[in-house]
Amino acid sequence: MYQAFLIKYGEIGVKGKNRHIFEDTLVSQTANALKPVDGEFCVRKENGRVYVEALSEFDYDEALEALSHVFGIVGICPVVLMEDEGFEDLARRVVSYVGEAFQEQDFTFKVITRRARKNYPMDSMEVSAAVGERLLEAYPKLKVDVHKPQVTLHIEIRNKINLYSKTVPGPGGMPVGSAGRAMLLLSGGIDSPVAGYMIAKRGVKIDAVYFHAPPYTSERAKQKVVDLAKLLAKYTGPIRLHVIHFTEIQLAIYEKCPHDQLTIIMRRYMMKLAEHFAGEDESMGLVTGESIGQVASQTMQSLAVTNEVCTLPVYRPLIGFDKQEIIDVSQKIGTYETSILPFEDCCTIFVAKHPVTKPNLKSILKSESHLADTIGAMMKEAIDTAETIRVEP
């Protein structure tokens, strides 16, 4: 029955003179999301609305699933678009619609008409009342309830007349690509994919770095991260995933630095490497899944010491979340089951038994000086041997 979707957006509507930029980005992202779906589609904007029209036969459920992953969309309305051929034709089409859309015509309803085209011969209230009367005549079990109806029928009189009664929630936020680019430090855990999702929801295009430590971590651990990136790409679009071999640097830190500082010092070098690839990808910041106090490396003092090596801003979307809140989001976006697979991305020998929780920057810098003779060459080797994978949804 449906050959089109009416796309509703939220924040974009208050963007003033820049609104058209965000609308164009939403149209582009919507079209990209529909590319894998069987069928041909036209995505267009018209007077504050975005429409997806099917130009051929298509998979309805697959199209709806694809649209439900597009940031910027707050509602997806399967809509019947009809030419204006007078009120009698409109009333007949509405009666037919209710007969097809609902298995049983035994519910309370309300008709809301919006007359965007003011030259229509009836006003909004008149259309709603007359259509409601025709429905009551056609289906005697229907009842009008203007306060809490079970079904609301929307009629919008535009260039074409829009008829719909269902709104599928979208993910909200802003369309990806409307707010710059950032580099996500992606691990195989629960937190970092959620951080990537949340920063992308604000319109940020993301790429990612993953630190691989063979032979201490397996190829299955690496594949787990690729799988997480694929799940994330359903929302963000294609992701460039930089796989950085970090083993030699980890071993050097383990051998030459105090063990209670291992995590902080490794984290600092991870941030340095992430910044290098952020520069290559023209990213404007780094993104991590850190939350204050969750582990020793995420205390306020630890985060401050980690930040000291960065020249780019570090965005931490989960900074005030507790673990259960993060898990809830990961379950909603479908990354949780992959994140808890038992393939660790950090070998336990590189994790301190009693990590420092209030690191002192001077002490950290003194410990790092033990690496001065070799760290430059190891960093260069890590950069030169990195593997870049284009991860598609």
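A pocket is an open set of points on a 1 Å grid over the protein atoms alone, with protein on both sides within 12 Å along at least five of seven lines; lining residues have an atom within 4 Å of a point. This is a predicted model, in which local features need pLDDT of at least 70, side-chain atom pairs count only at pLDDT 80 or more, and totals for chains, interfaces and linings use all residues. Residues are numbered from 1 along each chain as its sequence is written, and side-chain values use heavy atoms, with hydrogens and water left out.

**View 1. The second largest pocket is lined by 22 residues.** N32, A33, A233, K234 and P393 lie nearest its centre. The second largest pocket holds about 490 Å³ of space (the volume filled by probe spheres set on the points, with grid points joined across faces, edges and corners). Helices α1, α2 (60-67) and α6 each supply at least two lining residues. Helix α6 gives the most, with 4 residues. Helices (H or I, at least four residues) and strands (E, at least two) are DSSP runs, numbered from the N terminus. The lining divides into 11 nonpolar, 5 polar and 6 charged residues. Here Ala, Val, Leu, Ile, Met, Phe, Trp, Tyr, Cys and Pro count as nonpolar, Asp, Glu, Lys and Arg as charged, and the others, Gly among them, as polar.

**View 2. R202 and E11 form a salt bridge.** A salt bridge is a side-chain nitrogen of Lys or Arg within 4 Å of a carboxyl oxygen of Asp or Glu. The closest N and O atoms of R202 and E11 are 2.9 Å apart. The pair links distant parts of the chain, 191 residues apart. R202 sits in the loop between α5 (191-200) and β11 (205-212), E11 in the loop between β1 (4-9) and α1 (19-34). R202 is partly exposed at 42% relative accessible area, and E11 is partly exposed at 34%. Buried means under 20% relative accessible area, exposed over 50%, partly exposed in between (1.4 Å probe, protein chains only).

**View 3. D89 and R92 pair within helix α3 (residues 87-101).** Their closest N and O atoms are 2.6 Å apart. The two residues are 3 apart in the helix, so about one helical turn separates them. D89 is buried, at 14%.

**View 4. K222 and E387 meet in a salt bridge.** The N to O distance is 2.6 Å. K222 is buried at 13%, whereas E387 is partly exposed at 31%.

**View 5. R19, E23, D24 and K45 form one network.** Salt bridges that share partners join these residues. The whole structure has 23 salt bridges.

Note on methods:
On a 1 Å grid over the protein atoms alone, a cavity is a set of points where a 1.4 Å probe fits but cannot get out, and a pocket is an open set with protein on both sides within 12 Å along at least five of seven lines; lining residues have an atom within 4 Å of a point.
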